[in-house]
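Me: Got a model here. Can you walk me through some helix packing?

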Amino acid sequence: MAAQSIEIESGYNRIALRCRSLTKAFGQRTVVHDVSFNVAAGDILVLVGPSGCGKTTTLRLVAGFEHLDGGSVEIAGQIVADDERYLPPEKRRVGMVFQDYAIFPHLSVGQNVGFALGKSRADRERVEELLSLVGLPGQAAKMPHELSGGEQQRVSLARALSIEPAVLLLDEPFSNLDATLRTGVRAEVRALLKRVGTTAVFVTHDQEEALLLGDQVGVMCNGRLEQIGSPETIFHRPQTRFVAEFLGQTGFIPGEVMSDSIQTPLGHLPRLTSLPVGTPVEIALRPDDVTFEPDEEGAAHIISRQFTGMTYIYRLELPGGIIVQSQQPHEVRVAVGMTAQVRFRSVELPVFHDGLAV
Amino acid sequence: MSISELVSGGIWNAQRAQRRYISIGQRRWPFPSSIFLLIASLIVVSLVLLVPGYLLVRAIGAGSETVQTLASSRTWAALGNTVLLTGAVVLSTAIISLPMAWLITSSDLPGRRVWGVLAALPLVIPSYVAAYLYISLLSPRGVIQGWLEPLLGIERLPSIYGFPGAWFVLTLISYPFVYLPVRAVLQRMDPSLLEAARSLGYSPRQAFWRVTVPLLRPALTAGSLLVALYCLRDFGAVSLLRFGTFTRVIYNRYQVYRLNEAAAMALVLVALAGIILYLDHRSQSKGRYARLSAGSARAASPVRLGVWKWPALFFVGLVVFLALVVPAGGLSYWFWRGLNQDWAVRDLGPTQSNVASLAALARPAWNSFVVSLGAAVLTISLALPITILVVRKPGRVSHTLERLSYVSSALPGIVIALAYVFIGVNFARPLYQTLPMLLIAYMVLFLPQAIGAERSSLMQVPAKLEEAGRSLGKRSSHVFRRVTLPLVRPGLLAAAVMVFLTAMKELPTTLILSPIGFNTLAVQVWSNITEAFFARAAAPTLLLILLSSVPLALITLRDGHNN
């Protein structure tokens, strides 16, 4: 899918990173296929997808650790890689935060952060400034192994910021942190990047993280960029069945195109399409799109109930074996095995034909 | 555990790991019979301490003679020679090993897998064998001169004896001690470290110097320490090449019954080894480099050599040629000559004499095998109590035990042999020149090797597993037998193989302490070489290398299989 035009924020529209038709193959296997996107200065783009989808390779192409087979990379208005040119990583001014942080084990925290800087007094002050920025003031003398995982990650971030990168690249930076720590750290890092005004590209396999961090989210699958857009757009208007499914908890029910609506097991969905009447389609349903009322006449059976604290997630079986999930407030407690009447809560639902939105 | 880890590993890596282990916190002590372990450890440690202790007592007892010896020019010359040789070999092995390891792990050198294996092989060549082969080929009127004379009219080659020969030979056979640990670090190094340096504005070359080289330093230090100890302890090569380092001079004094002089010089040698060990210990106690990579290791893409491929191939090929092909070729040559010589001299049918001369090796081969196996089993078993105490019950007592057992890594074979000769003659006459005495000396000699290997394998068994066993209601001795021992068995086996291999090659201890008429392959080789029967030395040498390589090959194959 081609790049979409990105939203322009308050007239601040300088492009920090422009990738055109990035293509990369390892031997016979094409791992990045015609990927294009732009990142505006100061924006955060998150590339998300299942493992092996090519997101990390895309990042490494931008950084210059891999050579392009086609397309071009432009950083801060300068082409750094295309068919003829290849600027080595050290000339690109891209900061990189690695998945396992890649802290130099033989150097102290201060020496790590100051690795790209000189030994002058100003540079030493800069190191301390960077450490304060990431919340590790006065820790310059420590050795990396004395730090926790979260602290190592912050050192890695400070080190990458030391070169005042045109683009900061972060490869699964939170995946080595435990779950409780991760939530807090994500928000902190986002706030920090916004405060510094850094342009950043994250790579993650976690959709929740993508929605939370990104000004823009790009969903990748099998080396292709399926869709790129604001988190809300990606979530509410997925362009492909894969995107809808990947962004979580989505079930699909079959439907059939009618003249002015789509017929589904849950009733008619008002929708005009250009597809011929009778075309089979799929409707994406998240648990909060569906509601039900206990009804002895109802056609659906409640087959399970899962308590998540704030809500209950009910699984209901419709005639024909179709299963839908419905999210209900925690005070709505209905016994498993009861029959119910199921209906749409919202009618603004993504509809797919052959995997593409209609 | 791989061979290279064993070789490089030894006590020093284990020491580093130990520190981390303690910091994680050791909760439970699963072995109730700690009294038994303690007593066993104390016996072992006193057998070790007996050596420097007795030498000290003897040297003090000899009074003025000791002072004279220490002040004599002979001692100072030996000290100078030893320091010179050790320093030169440490330097040259580093210069060979660093580019070698880098080319084999990180570049696109053609055939690097094969080179990687070949480069480690000189380790199985005993120093006296390498020295003998090089002498026979390169001595002023050796084989090469014999070939060159009709062609170029060269009547003498420059002398190989003395410092140049000793330096050359020891460098060629001991560089794997540096090459192997350096290669291991390069292989395990997280490629994202170099990428991080690149993203911070450094060129590949700068990143190499700023990141790779500092990371190699601990491995380089540990390897160089092994090389230094190897040089200090070497007896065979320096004796054959007539370079007067301590081991050679001490042996000469011993042969002319100047035992007090030998004891005083042995003490100086021990002190020298002790200083080197201490320096290394101090350089490592900073406790840095705790981990090299945390997360998923991605294979780095090899650096393209381009036109540098040819000089690189030449360099690696030259080292392998000199360290491996030449000795192997020389050995084959002499072996072949030996077969034909017998036929010519004795005027017997070739088959009969070959069988006869080879059959005569059966006894020494069997002796070598038995005594080395005995040494391996004894050392591995006696090292175990100390290792268990050190790993599973850290504390002041076990720490001290561990320190004391390190003493033996500063004791060259000739020193141990000398001390036990004195002790045998003066206090334990019935044990003098018996197999048990020889085995005890071997045990003292190989103890640090065994403890190092055992410790790293014992530390890989989490204490949690033992706790799980005990939580299931089993006694600790039962847990040790059913859980710990099966898990460390591969490590113990690998350690035993290394001790076996070293014992097969061990020369001075065997020469001095073996019972009269107890001929081993090493002794057989040695007596033939010293009498310049180069051809006759070939067959036992070949057998020695084969016998000692078989178990090594077996566990290497097993390692490869497991990986």
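Reply: Start with α6(B) and α8(B). B:S127, B:A130, B:A131 and B:Y134 in α6(B) touch B:F168, B:V169, B:L170, B:L172 and B:I173 in α8(B); contact means heavy atoms within 4.5 Å. This is a predicted model: local features need pLDDT of at least 70, side-chain atom pairs count only at pLDDT 80 or more, and totals for chains, interfaces and linings use all residues. Residues are numbered from 1 along each chain as written, chains are lettered from A, and side-chain values use heavy atoms, without hydrogens and water.

Me: At what angle do α6 and α8 of chain B pack?

Reply: About 130°, with axes 10 Å apart. They are therefore oblique (under 35 degrees is roughly parallel, over 145 roughly antiparallel, 65 to 115 roughly perpendicular, the rest oblique). Angles run from 0 to 180 degrees between N-to-C directions.

Me: New topic. Which residues of α20(B) meet α22(B)?

Reply: Among them are B:Y442, B:F446 and B:E454. Their partners in α22(B) include B:V488, B:G491 and B:M498. By class, that contact has 11 nonpolar, 5 polar and 1 charged residues.

Me: And where do the α20 and α22 axes of chain B sit?

Reply: They come within 9 Å and cross at roughly 150°. α20(B) and α22(B) are therefore roughly antiparallel.

Definitions and conventions. Helix = DSSP H or I, 4+ residues; strand = E, 2+ residues; numbered from the N terminus. Nonpolar A, V, L, I, M, F, W, Y, C, P; charged D, E, K, R; others polar.
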